[in-house]
Amino acid sequence: MDFTQYKESFTEEAHKMGYIEQNIEHCLEYAEVLFSHDVPVIYNPSHLSLLLGYKKEYLKKVSLFPRYFYRDFEILKKNGSKRLISEPLPSLKEIQIWILRNILYKVAISPFAKAYKPNVCILENLRFHKNQPKVFTLDLEHFFPSITIEKVEKEFRELGYSKMVSKLLSRLCTKDGSLPQGAPTSPYLSNLIFKDADEAISDYCKQHKIRYTRYADDLSFSGDFNENKLLHKVTEVIEKLNLKINKNKTKLMMPNTRQTVTGIVVNEKPQVVFYKRNDLRQAMYYIKKFGFQEHREYKEIDQKNYLEHLLGKINFVLQINPRDTEFISYKSILIDLKKKQDQKELEDALIPI
């Protein structure tokens, strides 16, 4: 339905309901802006509840007490510290997915942002940095937690939503006043909020013939340039968003060293770093020699989805290098094990109590 059709339909229904011309005109002016951005027309919280299929009271509770609608847990990071994950409960997750698909995905992000884009793989971030004189990578500190609810609300306001609707949408996407790590809306919102910064950084890079891409909170630069001047410029840009660079993760890599971008070697051809591939080789060696369960017991691995975990890592290696015959064979072994595991679970479930 285009806006002309919407206008005719809305006006007809509004007249039936006794709306005065002034109110009809006001509603249509509001709706036209939203139509121009190809996002759903949402007049108020009651209208949003109808679109979502959830009661208005439920939306109100989530917006006022968000911490009760998330499951918090921690995961171990590479450096030994822990990252807090806040996973929304199923109903809230369904609401966030609706917001993501119907509103957020309708808004274009920077072409230099390579993560969290539908139908785009990590190789899109790597191909720009192959065989370069320098590779310079920066990491943003506390990326999601540093993005405040005010910035999220501003994104909805810029699409044309009213202050009331924007405030409610932003509260449905945040926890404790910032983006939660674990909500489906957080990654794409971070791309939208960083869009102006991407533009400022890319403009500087174009002027100095520097290749630039950003994969979530990892900024990658390559070419022949003065890294100190570049670092100063990037710091200046991101501080406007109240973000900081993690100085411990700043890396300058020359051609005679291993150049990596988001953990992938880019010197000659994209390849997962050696130590990660070697860890997988070692695990597969023991699985083939002693058996999957025996390997788990010997290594004291109590991770329930360990098989799926291994398969995911091998799939990642093959995503970067699909013709790697060694890892293709590992994938085949694990898929056979998975089929046997699923069959056993099915048989156990059918045994009478």
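Figure 1. Angles under 35 degrees count as roughly parallel, over 145 as roughly antiparallel, 65 to 115 as roughly perpendicular and the rest as oblique. This is a predicted model, in which local features need pLDDT of at least 70, side-chain atom pairs count only at pLDDT 80 or more, and totals for chains, interfaces and linings use all residues. Residues are numbered from 1 along each chain as its sequence is written, and side-chain values use heavy atoms, with hydrogens and water left out. Helix α7 (residues 149-159) packs against helix α9 (residues 186-193) at about 75 degrees, the axes being 10 Å apart (axes are lines fitted to C-alpha atoms, for helices over the stretch in contact, and angles run from 0 to 180 degrees between N-to-C directions). The two helices are therefore roughly perpendicular to each other (helices, H or I of at least four residues, and strands, E of at least two, are DSSP runs numbered from the N terminus). Lys151, Val152 and Glu155 of α7 make the contact with Leu189, Leu192 and Ile193 of α9 (heavy atoms within 4.5 Å). By class, this contact has 4 nonpolar, no polar and 2 charged residues (Ala, Val, Leu, Ile, Met, Phe, Trp, Tyr, Cys and Pro count as nonpolar, Asp, Glu, Lys and Arg as charged, and the others, Gly among them, as polar).

**Figure 2. Helices α10 and α11 in contact.** The axes of α10 (residues 195-207) and α11 (residues 227-239) come within 10 Å and cross at roughly 160 degrees, which makes α10 roughly antiparallel to α11. Their crossing is right-handed (the near helix is turned clockwise from the far one by less than a right angle). On α10, Ala197, Ala200, Ile201, Tyr204 and Cys205 take part; α11 contributes Lys229, Leu230, Lys233, Val234 and Val237. The contact has 8 nonpolar, no polar and 2 charged residues.

**Figure 3. Helices α12 and α13 in contact.** Helix α12 (residues 274-290) packs with helix α13 (residues 292-299) at about 120 degrees, and their axes are 7 Å apart. This makes α12 oblique to α13. The crossing of α12 and α13 is right-handed. Ala283, Tyr286, Ile287 and Phe290 in α12 meet Phe292, Glu294, His295 and Lys299 in α13. The contact divides into 5 nonpolar, 1 polar and 2 charged residues.

Figure 4. Strand β9 (residues 264-265) pairs with β8 over 2 bridges in the antiparallel sense. Threonine 260 has valine 265 of β9 as its bridge partner.

Figure 5. Serine 146 is in the loop between β3 (134-141) and α7. Its side chain reaches the backbone oxygen of histidine 142 at 2.5 Å. Residues up to four places away in sequence aside, serine 146 touches Glu141, Lys151, Leu241, Asn242 and Leu243. Proline 40 occupies the loop between α2 (21-36) and α3 (45-52). Leaving aside neighbours within four places in sequence, proline 40 contacts Leu34, Trp98, Asn102, Ile103 and Tyr161.

**Figure 6. Loop residues with positive phi.** Most residues other than glycine have a negative phi. Asparagine 131, in the loop between α6 (123-126) and β3, has a positive phi near 55 degrees. Aspartate 176 lies in the loop between α8 (163-172) and α9, and phi of aspartate 176 is positive, near 55 degrees.

Conventions: Two strands pair if DSSP finds at least two bridges between them. A polar contact is a pair of N or O atoms within 3.5 Å; within protein, one must be able to donate a hydrogen and the other to accept it, and residues adjacent in sequence count only if both atoms are side-chain atoms.
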